[in-house]
Amino acid sequence: MLPTTSRSRSSSSSSRANPMFLQYFRRIVKWQQMDVEYTFWQMLNLCTSPKVVYQHTKYHKQTKNQWARDDPAFIVICILLLAVATVAYCATYDHSSSHAVVVVVSVLLSHFLITGAIIATCCWFLTNSYLREEAPNSHVVEQRVEWLYTFDVHCNSFFPMFVLLYVIHYFLSPILITHGFIPLLLSNLLFMVGASYYHYLNFLGYDVLPFLERTTFFLYPIGVVIVLSPILILSGFNPSRYFMNMYFSQRL
C-alpha cells in the first residue's frame, strides 16, 4: 500500500514543504547531483511509452514518500533544449542579435515557465478542491496533490509537444509558413496532435494518483482541440504563420 499522510499530520507535512523546495532549488546549481541519464530515459519514454514513466512515479512515491520529483534535472534540460531550439529559429529567421535575446527569454518565460506555473496552479487547485475522493470518516488517511507534482506533470506533457511544435516544426517551417491549403492543413494537424498529446499526458499524470476521481476531465480539452481544428482550417488560420509572425514578422 502506498505511504500516506494522515489529516492529523498535515501540519508536519506542510512544514516539510519548504525544505523540499529549498533542497530542490539548491540542486539546480549542482549539475553533478542531477540524474541526467534517467531524465533522458524519461523524455524518450514520454514520447513512446508514457505509461511506463508514470509507473515509475508510483515507485518514487513508495520510496521517497512524495509524488513530485526531487531532482530538477528534467526542468533544467527542458529549459536548455527550449533555449537551443529558440536560438535555431533566431539564427534562421531573426534580423538582430539583441532581438534574438529578447525572443529566447520571452519563449522561455511565456511558453514554458510562466504558462506552466499558471497551468500547474490551476490543476493543483482543481484536483485538491474538486477531484479528490471523499474520505468516509475522519480516521481515513487524507492525501493532497503537491504543487510541485502538478508542475512535473506540465513538464512531462510539454516535452513531447516541444519535440513536435519546436523541433519537427523547425525543419518543416519553410513549408508551413508559405501560403496555400497544404501548408495550412499540415500546420493545423501538427498543432492539433501536439496539443492533444499534451492533454493526454496531463490526464495520465493525474490518473495515476489513487486518491483522485473523475480524472477523465483532463481529456475534455482534446475534444475541444479536435472540434476547433477544422474550424481553423476552414477559416484559413495558419498557426505556424501566426506564431512566426509574432516573433519574426520582418523575415516572413
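Predicted model: local features only at pLDDT ≥ 70, side-chain atom pairs only at ≥ 80, totals over all residues.
Residues are numbered from 1 along each chain as its sequence is written, and side-chain values use heavy atoms, with hydrogens and water left out.

**Stop 1: the salt bridges**

A salt bridge here is a side-chain nitrogen of Lys or Arg within 4 Å of a carboxyl oxygen of Asp or Glu. The whole structure has 3 of them. Stay with Arg-214 for a moment: its relative accessible area is 47%, so Arg-214 is partly exposed. Glu-213 is partly exposed because its value is 28%. (Buried means under 20% relative accessible area, exposed over 50%, and partly exposed in between, with a 1.4 Å probe and protein chains only.)

Next, select Lys-64 and Asp-70. Their closest N and O atoms are 2.8 Å apart, and the two form a salt bridge. Lys-64 has 43% relative accessibility and therefore counts as partly exposed. Asp-70, at 23%, is partly exposed too.

Now select Asp-152 and Arg-69. This salt bridge has its closest N and O atoms 3.4 Å apart. The pair links distant parts of the chain, 83 residues apart: Asp-152 is in helix H6 (residues 147-176), and Arg-69 is in the loop between H3 and helix H4 (73-93). Both Asp-152 and Arg-69 are buried. Helices (H or I, at least four residues) and strands (E, at least two) are DSSP runs, numbered from the N terminus.

**Stop 2: Thr-57**

Select helix H3 (residues 50-64) and find Thr-57 in it. Is Thr-57 buried or exposed? Its relative accessibility is 11%, so Thr-57 counts as buried. Show Trp-67 and Tyr-149 as well: leaving aside neighbours within four places in sequence, Thr-57 is in contact with both (heavy atoms within 4.5 Å).

**Stop 3: helix H8**

Select residues 220-235, the 16 residues of helix H8. From first C-alpha to last, H8 reaches 23 Å, close to the 22 Å expected at 1.5 Å a residue. That expected span is 1.5 Å times one less than the number of residues.

Which residues of H8 are buried? Colour Ile-222, Val-225, Ser-229 and Ile-233. An α-helix has 3.6 residues a turn, so residues three or four places apart point the same way.

Finish at Gly-236, which follows H8 and has a positive phi, near 85°.
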